[in-house]
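Hi everyone, thanks for coming. Let's have a look at the structure together, and I'll walk you through a couple of spots in it.

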Amino acid sequence: MISKFERFRFLFLAFLIGLASSGSLAQQAALPKGVERVTSVEGFTEYRLANGLRVLLFPDQSKQTITVNVTYLVGSRHENYGETGMAHLLEHLMYKGSKNHPNIPQELTEHGTRPNGSTLFDRTNYFETFSATDANLDWAIKMEADRMTNSFIAKKDLDTEMTVVRNEYEAGENQPALAVFKRVFAVAFDWHNYSNLPIGAQSDIEGVPIERLQAFYRKFYQPDNAVLLVSGKFDPAKTLQLIADNFGAIPRPSRTLDPIYTIEPTQDGERVVTSRRVGDTQFVGVGYHVPAGSHPDFAAVNILTQILADTPSGRLHKALVETKKASSVDSLNIPLHDPGLMVLFAEVRKEQSLDDARNTMIQTIEEIATKAPTQEEVDRERTGLLKDIDLTLNSAERVGLELSEWMAQGDWRLFFLHRDRLKKVTPADVQRVAAAYLKPANRTVGLFIPTEKPDRAEIPPPPDVAALVKDYKGSAVLAEGEAFDPSPENIESRTVRADIPAGMKLAFLPKKTRGNVVVAAMTLRYGDEKSLMNRGTAGQLAAEMLMRGTSRHTRQQIQDEFDKLKARVSTFSGPNSVVVSVETIRENLPAVLRLVAEILREPAFPATEFDQLKQEVLAGIEQSRREPQAVAGVAFSRHLNPFPKGDVRYTSTPDEDIAEVNEATLDDLKKFYADFYGASNGEMSVVGDFDAKEIEKLANELFGAWKSPRPYSRIVTAYQDIPPINQS
């Protein structure tokens with residue numbers, strides 16, 4: 001009887017790669033023309049054809065069957081935007097016939113075998129096992145050679161197979177464990193294509209054009225991107241000649257395959273994804289990024305996975321199943337070409353606590369870094385893994401599929417290298433990789449929560465834009481602006497200047513603008529080097545508070561009013577000035593200026609807004625503390641401007657800024673405002689569509705009597721001879 005764990009793992013692999021079989025490798029005598037021998041390992045011999053095809057022969061005269069397995073080094077990792085699922089979809093179309101073998105399913109039946117293929121992240125393979133006769137082998141080699149470059153890949157076949165693949169997709173979506181697995185991969189990988197499972201996206205499966213599928217086929221289904229394996233009862237010399245005659249006739253393609261250079265960045269924090277669907281059980285999956293299958297650490301990670309998830313000896317089984325926090329546990333850790341993902345699962349019944357299971361699961365997984373595995377645990381799991389390898393090597397039907405995985409990682413010999421590494425793994429090795437990879441920052445958790453009536457936000461597709469705009473006429477045409485000459489001479493000749501009683505200087509440049517737009521800027525200058533000593537922070541905060549409430553309007557009311565007036569208004573401060581900028585339209589400029597005057601002359605300095613402002617400023621300072629550009633800017637300015645602390649030209653450190661903001665009080669801001677704000681040393685400039693006489697009269701009304709309480713003197717930054725430094 002198949003155990004529940006075996007069924008569970010079978011479910012994953014069946015979904016990811018389909019049902020499969022395999023092959024082995026061989027010896028040789030005199031080589032056919034254009035064939036070179038590469039290497040031999042434990043009965044497997046590799047040859048290479050002139051067109052780049054790699055051939056593995058594994059003769060086993062004790063068998064009564066032969067397995068032919070062709071592995072193409074293309075999987076979902078190689079798919080581009082809009083092409084997800086294409087490698088798997090192409091696998092289906094490869095059984096729809098080729099130039100000299102138009103009915104492949106029928107031929108497979110006639111020769112006592114059946115269609116068998118699988119697609120994974122890094123590779124796609126096609127294989128058939130049949131009675132060991134020369135006729136069967138001749139047929140299989142010729143059929144695989146023909147469909148390598150002569151498959152139909154026809155639109156009519158895509159139309160039918162698309163529905164088959166879509167059914168596979170939908171079947172997977174109905175499996176809670178697969179839903180968790182899919183989302184853990186999607187969330188764990190930001191940029192690498194491992195984020196997309198081989199089944200692909202439904203819209204890509206349904207919508208891929210046949211032309212793109214054909215181009216994908218022509219690009220990757222070539223001899224220089226394939227490995228042919230023949231295992232079982234056959235004559236190596238005759239078989240090699242048969243391969244050379246059929247596959248060797250295929251020319252080496254002129255195209256080159258570009259390397260995939262995307263590298264997944266190091267994960268920088270825990271991630272959690274939740275799926276709510278109709279279902280009868282809960283699931284939790286916990287994934288961790290681990291090295292590629294070819295990496296020396298993968299053998300220890302392989303044993304680590306088994307120590308955690310094996311049944312009944314695994315730590316997760318004991319912590320979750322034996323305590324009735326979960327009904328079963330399992331794992332999946334596929335060796336991949338690039339760094340992949342180890343995922344551990346727990347099935348949790350509805351009446352059990354999913355949070356309790358998740359917390360216990362994470363604790364059990366990550367504490368192995370401190371609760372070292374025993375020699376007994378390592379030996380037990382190593383023995384099981386080596387047993388599987390030995391049995392695989394004894395099966396001509398299984399070895400091909402297994403070797404396909406290692407071919408896709410770079411070389412079939414990695415299979416043997418991995419076996420040898422497993423034999424050398426120690427408890428210290430397992431603990432080391434656990435400490436290196438089973439970290440919270442490297443963790444992605446996926447949850448499946450059964451929900452009878454999921455409440456989802458269905459997003460409608462984009463509308464037919466051409467139909468939307470077909471008869472659109474728009475609103476009234478905006479007023480057109482004049483063609484303005486921006487030369488200094490023209491600007492000067494059209495600028496109107498005036499002074500108002502308190503001392504503010506006015507500069508107006510009326511001109512026609514598109515939409516009657518007008519912009520204005522007002523600068524209030526105050527204080528001097530001496531009077532502003534140790535008051536820089538209060539001055540900056542006071543300027544920030546101006547827009548946060550007046551004696552007549554709250555912060556929100558000010559914002560609402562400016563929105564109604566179609567105005568953009570902002571304030572900012574310098575060492576001894578505050579600037580107000582305005583953008584609005586002609587008819588609203590007077591009302592906007594009245595509200596600006598209220599903001600400048602009647603600030604309320606509300607305490608709640610002051611508290612919020614301090615928190616915002618402190619957060620901004622803290623955020624920039626380690627930001628390279630900010631750090632470099634502070635260091636650069638402090639060296640070039642060696643002024644004493646308290647001077648408005650002094651460049652403070654983030655720590656000094658934080659201390660000053662924390663110490664600032666609302667009374668400090670109010671006193672600063674009372675000591676310095678006024679229009680005696682102010683300037684107002686207005687450019688755009690406005691009535692200059694009206695605005696001059698309004699400026700007199702709003703600011704004509706607003707005198708500054710203290711004199712103003714320009715603060716000069718004089719030249720200093722600063723020694724050069726090179727600071728990092």
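Let's start at Arg147: a polar atom of its side chain lies 3.1 Å from the backbone oxygen of Met94. Before I go on, this is a predicted model, where local features need pLDDT of at least 70, side-chain atom pairs count only at pLDDT 80 or more, and totals for chains, interfaces and linings use all residues. Residues are numbered from 1 along each chain as its sequence is written, and side-chain values use heavy atoms, with hydrogens and water left out.

Is Arg147 buried or exposed? Arg147 is buried, at a relative accessible area of 0%; buried means under 20%, with a 1.4 Å probe and protein chains only. Arg147 belongs to helix α4, residues 134-149, a helix here being a DSSP run (H or I) of at least four residues, numbered from the N terminus. Leaving out residues up to four places away in sequence, Arg147 touches Met94, Tyr95, Ser98, Ile104, Tyr126, Glu128 and Tyr217, where contact means heavy atoms within 4.5 Å.

Now over to Ala179, in helix α6, residues 176-188. Ala179 is also buried, with a relative accessible area of 0%. Beyond its neighbours within four places in sequence, Ala179 is in contact with Gly172 and Phe448.

That brings us to the helix pair. Tyr169, Gly172 and Glu173 in α5 meet Leu178, Ala179, Lys182 and Arg183 in α6. Thanks, and I'm happy to take questions!

Technical notes. Helix = DSSP H or I, 4+ residues; strand = E, 2+ residues; numbered from the N terminus. Buried < 20%, exposed > 50% of the residue type's maximum accessible area, 1.4 Å probe, protein only. Polar contact = N/O pair within 3.5 Å; in protein donor to acceptor, adjacent residues only side chain to side chain.
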